[in-house]
Amino acid sequence: MTDTSETIFDIRDIRVTFATPDGAVEAVRGVDMNVKAGETVAVVGESGSGKSQIMMAAMGLLASNGRVEGSVTYRGQELIGMPREKLNRIRGAKVTMIFQEPMTSLDPLYTIERQISEPLRVHGGLSASAARARALELLKLVHIPDPERRLKSYPHELSGGQRQRVMIAMALANDPDLLIADEPTTALDVTIQAEILGLLAELQKKLGTSILFITHDLTIVEAFADRVYVMQHGNVVEEGKTEDIFQRPTRDYTKMLLAAEPEGSKPPVPDTAPILLDANDVSVTFSMPSGFLSPRFELKAVQNVTLSLREGQTIGIVGESGSGKSTLGRALLQLLPSEGRVVYQGTPIQGFDRAAMRPYRRNLQMVFQDPFGSLSPRMTVGDIITEGLLVHEPQMTRREREEAATQALREVGLEPAVRNRFPHEFSGGQRQRIAIARAVVLKPTVIVLDEPTSALDRSVQKQIIALLRDIQARYRLSYIFISHDLAVVKALSDYTIVMRTGRVVEEGPTGDVFRAPASEYTRDLMEAAFNLKKVLSRQASARA
Amino acid sequence: MLRYVLRRLLGAIPTLFLVITFAFFLMRVAPGGPFDRERALEAKVLENLNRVFHLDRPLWEQYFYYLGNLARGDLGPSFIYRDFSVQQLLGNGLPVSIQLGGMALLVALLVGSLLGCIAALRQNSWIDYGVTAVATFGITVPNFVVAPVLSLIFGVWLSMLPAGGWGGPSSMILPVITLALPQVAIVARLIRGSMIEALRSDHVRTARAYGLPMRMIVGVHSLRAACLPVVSYLGPAAAALLTGSVVVETIFGLPGIGRYFVQGALNRDYTLVMGTVIIIAVFVVIFNLIVDLLYAALDPRVRYD
């Protein structure tokens with residue numbers, strides 16, 4: 001593409017403000033951006049940088065308490081303040097969007113055919129049968145298997161990747177000039193992400209649509225975009241060609257983002273280290289009990305997994321969604337019924353009920369993915385941290401518990417004064433620190449960490465990883481670290497288990513698994529995570 | 001689907017059996033009997049009456065005798081309205097109650113949905129507050145206040161409508177309004193809440209982003225989802241409405257079956273009470289089934305096999 005291409009989408013000095021009970025919040029503070037015909041532009045930034053709100057404001061989709069100032073023009077037409085009827089002739093036809101949540105962005109109550117047809121009929125005035133034919137054509141274009149049958153399907157019958165393909169089909173239905181993609185692959189597994197990005201690249205080449213790609217993930221930007229805008233706190237801090245930004249970033253924030261990939265590795269523990277948790281042939285089966293005249297339905301979520309966790313060791317469990325990795329973590333801690341044998345320091349604990357497990361719980365702690373959902377919103381941070389002590393150290397006085405909480409908060413790098421505040425006052429990273437403090441205060445020996453960094457920005461992730469490392473070294477803790485994020489597992493664990501559909505595909509010392517993956521599945525996973533550019537260019541050459 | 005319906009209907013049999021059994025013995029635990037009067041009957045007369053109605057037999061025998069008759073579709077004679085069988089009483093009253101209840105249900109659905117939608121679309125405006133105020137009023141003011149006030153205003157003062165009695169469509173208007181008012185309020189509140197949620201959902205954002213007109217966003221992509229909580233509320237509500245209301249029937253002097261339930265219980269008219277209990281139980285079972293089927297029709301994620 002040449003610099004002489006026509007600018008089709010031009011954002012000038014856009015400002016977005018939200019009226020909240022605590023006063024006005026400025027989400028976007030005067031941003032300029034443009035997209036030329038046929039170009040792929042990425043907007044990259046961490047959560048809260050305002051990158052999505054610019055697009056929402058441009059397309060008239062702001063929440064009711066949002067206000068926008070400035071100018072957004074599409075081929076010379078001002079979109080801000082345009083009457084809704086007129087705007088409706090542009091959005092969905094000339095400028096279309098796909099969103100982050102493929103699970104909820106489609107209406108669960110209508111068929112795929114109906115949802116792809118609606119914009120065709122509204123904008124193109126197509127008849128029902130013509131819209132149906134076009135919908136089928138579009139599903140073929142986005143490579144959905146068995147497209148005739150899929151027309152009749154409902155969204156819940158499709159996988160996340162397929163739903164995102166349907167969204168892309170909908171977006172391309174009226175041959176748009178510009179496709180705005182708001183984190184379209186964030187909710188997907190890495191291999192599916194590579195497929196979706198490959199598809200977008202292919203379609204762009206074929207149809208010449210411009211793409212405005214919003215993401216927090218620099219790997220995607222590098223592999224996918226021609227030009228990039230870096231955003232922080234509602235401002236664009238740096239912009240330029242992708243190669244220039246990646247090779248010669250000028251701003252500290254950009255440098256920090258580029259360096260935010262988790263680093264380091266963990267040396268293996270000696271074979272002489274005692275085994276703390278020994279699991280043999282663990283299986284978990286979910287079953288729907290047979291009802292009146294209906295047969296029993298079974299799902300084998302985890303099948304015959306064996307692992308031994310030594311003192312000071314971190315076992316990383318990697319897998320895509322549905323691989324059974326979280327279920328395994330819960331089964332090890334006897335949080336759900338399982339088969340097989342689990343031994344903690346010489347005591348078989350499998351099948352222990354709540355009361356029998358209680359003495360072991362303080363040693364076997366867990367930290368969950370969602371730092372927003374896993375802390376009770378109506379308890380103070382101090383109460384959350386000391387709650388476990390009430391059960392496990394009932395003889396402790398109030399003062400002693402307070403001291404323990406203070407100590408735990410210091411360990412995780414928070415001020416002890418935050419004890420009296422509530423979880424909603426903290427950011428995601430701070431909440432995850434609180435969740436870690438809640439586990440650490442009991443002085444456990446084993447912590448199962450279930451995707452503890454997945455909801456966090458890369459830069460915050462890096463801090464949490466450093467914290468986990470630090471605590472592990474100090475207390476000789478053992479971790480079971482569950483994640484779909486290979487980079488984090490590589491940095492944190494010394495032994496890696498790769499799972500797929502409930503089974504172990506591959507395992508070994510982390511260095512070996514990552515250097516020379518033995519199974520094809522692991523190789524695909526690694527390539528999609530660490531070498532997206534190569535995957536995309538291979539896809540492109542395969543099409544050519 | 002048919003299999004599911006059959007399974008549900010079969011499953012209803014033990015439910016009904018339990019309801020009948022429980023109601024039968026509960027009735028008999030209450031002190032007194034159908035022939036107790038302020039002035040006691042002559043011993044011989046009472047004995048004869050008891051023999052005719054099998055009340056002189058042991059309780060378990062009476063129970064099986066009742067079940068036996070029921071199996072043949074015989075609800076027995078009324079103990080109080082002695083010229084009528086329970087079938088005749090309910091057969092005459094039920095059409096009245098169903099007409100009134102059905103109309104009230106229709107009004108509740110139409111007016112309630114409309115008000116709820118308007119309130120949701122104009123959230124936090126004076127229209128929204130107005131609807132919420134009307135809804136609160138509708139729920140809090142009891143029907144034994146609404147009915148006589150309506151009757152007084154439109155029947156007596158304005159002489160626009162009959163103040164009571166049964167005959168012709170005009171006589172239905174005031175009772176239907178009385179019955180519908182609290183239901184309108186409840187439906188409006190339910191629709192308002194679920195509609196606000198639906199309008200905020202991601203797929204409605206998609207619909208807006210694709211330039212669909214407002215009527216499609218509301219009518220197609222929000223209302224269907226917003227109906228779901230109303231549907232589940234309507235099951236028990238419809239059963240209650242269609243089986244009559246003692247207050248409305250008494251105040252407007254209507255020949256429905258709602259009053260039989262209360263009168264029967266007070267008079268210890270055992271068979272009449274059992275008859276009404278069975279009708280209500282059957283309605284509840286049927287409407288719960290209808291609700292579940294409607295749910296499956298509205299939401300493709302719900303499937304029965």
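**Two chains, one predicted model**

Let's start with chain B. Of its 305 residues, 35% count as buried. Buried means that 20 or more other C-beta atoms, placed from the backbone, lie within 10 Å of a residue's own; exposed means 12 or fewer, and partly exposed is in between.

Some ground rules. This is a predicted model, where local features need pLDDT of at least 70 and side-chain atom pairs count only at pLDDT 80 or more, while totals for chains, interfaces and linings use all residues. Residues are numbered from 1 along each chain as its sequence is written, and chains are lettered from A and ligands numbered from 1 in the order in which they are written.

Back to chain B. It has 12 helices and 0 strands. The C-alpha trace of chain B spans about 85 × 55 × 30 Å along its principal axes. Now contacts: two residues touch if their C-beta atoms, placed from the backbone, lie within 7 Å. Take the contacts in chain B with a separation of 6 or more. Residues 24 or more positions apart account for 71% of them.

Let's pick one helix, α6(B), residues 143-157. How far apart are its end C-alpha atoms? They are 20 Å apart. The expected span is 1.5 Å times one less than the number of residues. Which residues of α6(B) are buried? They are V146(B), A147(B), L150(B) and S151(B). Their cover includes α7 (170-199) and α10 (246-252) of chain B. Just after α6(B), S159(B) takes a positive phi of about 50°.

On to chain A. Here we find 20 helices and 20 strands. The radius of gyration of chain A is 25 Å, close to the 24 Å that the globule rule gives for 544 residues, so chain A is as compact as a globular protein of that length. That radius is taken over C-alpha atoms, and the rule is 2.2 Å times the number of residues to the power 0.38. In chain A, 45% of the 544 residues count as buried. The C-alpha trace of chain A spans about 70 × 55 × 50 Å along its principal axes.

Next, a sheet in chain A. Six strands form an open sheet in the order β16-β17-β18-β13-β19-β20, with mixed pairing. Strands pair if DSSP finds at least two bridges between them. The edge strands are β16 (364-367) and β20 (503-509) of chain A, and each pairs on one side only. Q365(A) stands opposite I447(A) in β17(A). Helix α11(A), residues 325-332, packs on the sheet, touching β13, β17, β18 and β19 of chain A. The direction of α11(A) makes about 150° with that of β18(A). Such angles run from 0 to 180 degrees between N-to-C directions, with axes as lines fitted to C-alpha atoms, for helices over the stretch in contact.

Finally, where the chains meet. The contact takes 26 residues from chain A and 20 residues from chain B. On the chain A side, α2 (84-90), β6 (95-98) and α3 (112-124) each supply at least two residues. The largest share, 4 residues, comes from α3(A).
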